[in-house]
Amino acid sequence: MKIQSAEFIKGLRGEDEILVDGKSQVAFIGRSNVGKSSVINSLVNRRDLARSSSKPGKTVEINFFLINKDFYLVDLPGYGYAKTSLEERDNLRKLIYWYLLYANVDQKKIVLIIDAKVGPTDQDLEILRRLSEAEKNIIIIANKVDKLKSSEKVKQLASIQKLVGQHKVIPYSAEEKIGVGELIKEII
Ligand code: GTP
Ligand code: MG
């Protein structure tokens with residue numbers, strides 16, 4: 001299956017009819033600046049479909065991208081960016097959890113993106129635990145694997161796998177397009 005077309009539909013900060021229009025949704029979550037928007041761009045082979053930025057906190061809405069006129073890739077705001085005000089961080093956190101757990105959406109897949117070099121943070125593990133409890137269909141992407149020296153790669157990926165338990169982890173680089181084929185297989 002190939003990705004033939006991709007278009008931005010809308011950004012939400014709450015209830016919307018798009019949530020219940022019957023098309024499946026694949027959601028991308030992770031801490032701020034981990035590369036959610038970049039991973040989406042790497043999948044659809046566009047540089048700028050989802051806006052990415054070296055400045056954290058770029059995505060503040062739940063953005064819906066329609067793929068092949070058939071299903072959505074959903075780009076969420078990141079969590080845990082220390083420089084966002086407490087109030088805004090709290091609002092974003094509520095928005096993320098609402099969409100993932102309480103909006104009555106049965107996401108086809110939730111792609112949790114972690115930083116391959118940093119490994120899963122406490123917040124990553126907390127979100128993973130809550131999603132697992134809710135029996136969501138989860139896959140983990142260890143992004144920015146291009147930043148790891150080949151000598152440390154095997155060890156670091158094994159340590160990530162140990163921390164996240166039985167979930168599948170795909171080593172990935174949005175920048176160098178590593179893992180793209182494998183992720184496409186998982187979500188289409
Ligand atoms: P927020 O929307 O702020 O939560 O960020 P995000 O998770 O969408 O991250 P974004 O895609 O904007 O990328 C953040 C930064 O990481 C940018 O400077 C990207 O160029 C960089 N980046 C993303 N993926 C990779 C990767 O695979 N390797 C490297 N080296 N850098 C990457
Ligand atoms: Mg983003």
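This is a tutorial dialogue on reading a predicted model of one protein chain.

User: What should I know about the conventions before reading this model?

Analyst: This is a predicted model, in which local features need pLDDT of at least 70, side-chain atom pairs count only at pLDDT 80 or more, and totals for chains, interfaces and linings use all residues. Residues are numbered from 1 along each chain as its sequence is written, chains are lettered from A and ligands numbered from 1 in the order in which they are written, and side-chain values use heavy atoms, with hydrogens and water left out.

User: How many helices and strands does the protein chain have?

Analyst: Helices (H or I, at least four residues) and strands (E, at least two) are DSSP runs, numbered from the N terminus. The protein chain has 5 helices and 7 strands. Along the sequence they follow the pattern β-β-α-β-β-α-β-α-β-α-β-α.

User: What does the radius of gyration say about the protein chain?

Analyst: The radius is taken over C-alpha atoms, and the globule rule is 2.2 Å times the number of residues to the power 0.38. For 188 residues a compact globule would have a radius of gyration near 16 Å, and the 15 Å of the protein chain agrees with that. The C-alpha atoms fill a box of roughly 50 × 40 × 35 Å along the principal axes.

User: What share of the contacts in the protein chain joins residues 24 or more positions apart?

Analyst: Contact means heavy atoms within 4.5 Å. Among contacts with a separation of 6 or more, residues 24 or more positions apart account for 72%.

User: How many residues of strand β3 are buried?

Analyst: Buried means under 20% relative accessible area, exposed over 50%, and partly exposed in between (1.4 Å probe, protein chains only). Of the 188 residues in the protein chain, 49% count as buried. In β3 (residues 62-67), 6 of 6 residues are buried. Ile-62, Phe-64 and Leu-66 point one way from the strand, Asn-63, Phe-65 and Ile-67 point the other way, and all are buried.

User: Which strand pairs with β3 over 6 bridges?

Analyst: Two strands pair if DSSP finds at least two bridges between them. Strand β1 (residues 6-12) pairs with β3 in the antiparallel sense over 6 bridges, and Leu-12 has Ile-62 of β3 as its bridge partner. Strand β4 (residues 71-75) also runs antiparallel to β3, joined by 5 bridges; there, Tyr-72 is the bridge partner of Leu-66.

User: Which residue in the hairpin of β3 and β4 takes a positive phi?

Analyst: Most residues other than glycine have a negative phi. In this hairpin, with 3 residues between the strands, Asn-68 takes a positive phi near 50°. Asn-45, which is not a glycine, has a positive phi of about 60°. Asn-45 sits in the loop between α1 and β3 and is exposed, at 61% relative accessible area. Lys-177, also not a glycine, has a positive phi of about 60°. Lys-177 is in the loop between β7 (169-171) and α5 (180-187), and its relative accessibility of 39% makes it partly exposed.

User: Is Ser-42 buried or exposed?

Analyst: Ser-42 has a relative accessible area of 4%, so Ser-42 counts as buried. Ser-42 lies in helix α1 (residues 36-44). Apart from neighbours within four places in sequence, Ser-42 is in contact with Tyr-172, Ala-174, Lys-177 and Val-180.
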